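Colleague: I am new to this structure and would like to go through it with you. Could you put it on the screen?

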Amino acid sequence: MTHEIAYLILIFGLMVIPRVMQRFRIPAPLTSFALGMVAAVFLGSFIHDTTLTLLATMGISSLFLFAGLEIDLDDFGRGKWHLLAHILGRSATLTALVYLAMHYFGFSWQVAALMALAVVTPSTGFILDTLPSLDVSSDERYWVRIKAVSGELFALLVLFVVLQSDSVETLAWSSAALVAMIVGLPLLFIGLGKTVIPYARGSEFSLLMMVGIVSAYLTYQLGVYYLVGAFLAGFIARLLKKRMPLLASDGNLHAIQMFASFFVPFYFFYKGMSVPSGALTLEALGMGLALTVVALPSRVGFMWLQRRFVKGESAMSSLRVAAALTPTLIFTLVLATILRERFHVSDTIYGALLMYAGLSTMLPSVLMSKAADFDLLHTDEQPPEPTTPTSP
């Protein structure tokens with residue numbers, strides 16, 4: 001089989017098979033991940049293919065670029081006090097989990113912090129794209145969206161500090177580099193808006209993708225993975241919407257969705273091929289199930305109590321919001337990879353985190369009355385009603 005044919009089969013499989021499995025309420029990324037694990041058995045050397053690595057990088061970068069573009073600061077003003085309580089609760093939860101992991105399991109504070117983030121941080125890009133397929137009201141959808149976004153912003157900040165905390169000097173230099181990016185990205189966007197876009201209509205999408213991928217690469221070189229830079233580029237583009245309306249327009253946002261929907265499956269396939277055999281043992285399975293049994297009800301219960309007694313929602317409404325916020329697949333997968341590659345945690349722990357991520361991602365489709373299809377191209381728009389021609 002030639003290299004070209006192998007890639008054609010891979011593209012066909014990743015575009016078709018996960019969509020077919022969605023009818024059984026299996027999220028498409030989980031199917032792509034499983035296909036990667038199967039492919040690793042027969043095509044183990046394929047994981048070192050540079051093209052596949054590039055496709056996977058573009059997938060994760062475009063997904064977090066989209067997540068950054070989805071942020072609307074006006075939304076935060078409406079529920080700022082509830083969000084503040086949410087962040088304070090999240091901080092207390094993380095602190096407690098870090099203490100438990102250090103005191104009872106002997107992890108370093110960095111490993112403990114990353115594991116805590118992997119367990120409690122919702123995957124915003126995922127959640128935003130599943131909302132149209134979940135049985136939630138418009139108000140519940142609003143709270144799910146802003147809680148997911150605020151939780152991920154908080155997690156990205158903690159992630160940056162943890163990964164750059166080897167020394168005060170490292171943290172200072174990395175912080176300065178990140179501040180330089182925050183200052184430089186708006187200037188870059190504005191410069192491109194003045195020198196390129198007026199003379200190349202329709203180039204907003206390609207320029208936005210270029211800046212997002214370059215930003216992702218820069219933060220990867222800083223040691224904080226691709227997602228921070230891509231998210232930051234999308235967020236800054238959103239902030240510039242009034243000054244550069246075409247940059248973060250609805251059309252551009254939809255184009256980023258389409259781009260991500262094609263490349264994200266390659267990321268999950270690539271990560272599935274990277275799963276070591278030690279992560280597939282009965283011990284890893286048992287640890288993952290135990291983590292799920294403890295963590296998922298705790299997360300849902302904590303959020304349910306917060307919504308029920310702080311905001312005064314009904315029991316079912318609180319449960320729907322809590323359940324919709326459970327998927328952690330992307331964030332857990334990213335952090336599990338960092339823990340394994342940088343901090344050398346055991347394959348058993350890596351496998352347990354993967355098991356937890358998969359089960360937490362399945363929960364909304366189990367609890368909601370409508371299947372969660374995790375389709376990045378899902379839209380709320382309904383087809384127009386057919387019109388009956390009138391007689392002259």
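Colleague: In which helix is confidence lowest, and in which is it highest?

Modeller: Confidence, given as pLDDT (the predictor's score for each residue, from 0 to 100), is lowest in helix H4, residues 73-78, with a mean of 76, and highest in H6, with 95. Helices here are DSSP runs of H or I with at least four residues, numbered from the N terminus. This is a predicted model, in which local features need pLDDT of at least 70, side-chain atom pairs count only at pLDDT 80 or more, and totals for chains, interfaces and linings use all residues. Residues are numbered from 1 along each chain as its sequence is written, and side-chain values use heavy atoms, with hydrogens and water left out.

Colleague: What is the mean for the chain?

Modeller: The chain has a mean pLDDT of 86, and 91% of its residues reach 70 or more. Over residues 371-392, however, the pLDDT is below 50.

Colleague: Turning to packing, at what angle do H9 and H10 meet?

Modeller: H9 (residues 168-195) and H10 (residues 204-222) pack at about 170 degrees, their axes 12 Å apart. Axes are lines fitted to C-alpha atoms over the stretch in contact, and angles run from 0 to 180 degrees between N-to-C directions. H9 is therefore roughly antiparallel to H10, a term for angles over 145 degrees.

Colleague: Which residues make that contact?

Modeller: Contact means heavy atoms within 4.5 Å. Among the residues involved are Met-181 and Phe-189 of H9 and Met-210 and Val-211 of H10. By class, this contact has twelve nonpolar, three polar and no charged residues. Nonpolar covers Ala, Val, Leu, Ile, Met, Phe, Trp, Tyr, Cys and Pro; charged covers Asp, Glu, Lys and Arg; the others, including Gly, are polar.

Colleague: And how are H8 and H15 arranged, parallel or antiparallel?

Modeller: H8 (residues 138-163) and H15 (residues 329-342) pack at about 5 degrees, with axes 13 Å apart. They are therefore roughly parallel, the term for angles under 35 degrees. Their contact includes Glu-152 of H8 and Arg-342 of H15, and has seven nonpolar, no polar and two charged residues.

Conventions
Helix = DSSP H or I, 4+ residues; strand = E, 2+ residues; numbered from the N terminus. Parallel < 35°, antiparallel > 145°, perpendicular 65-115°, else oblique.
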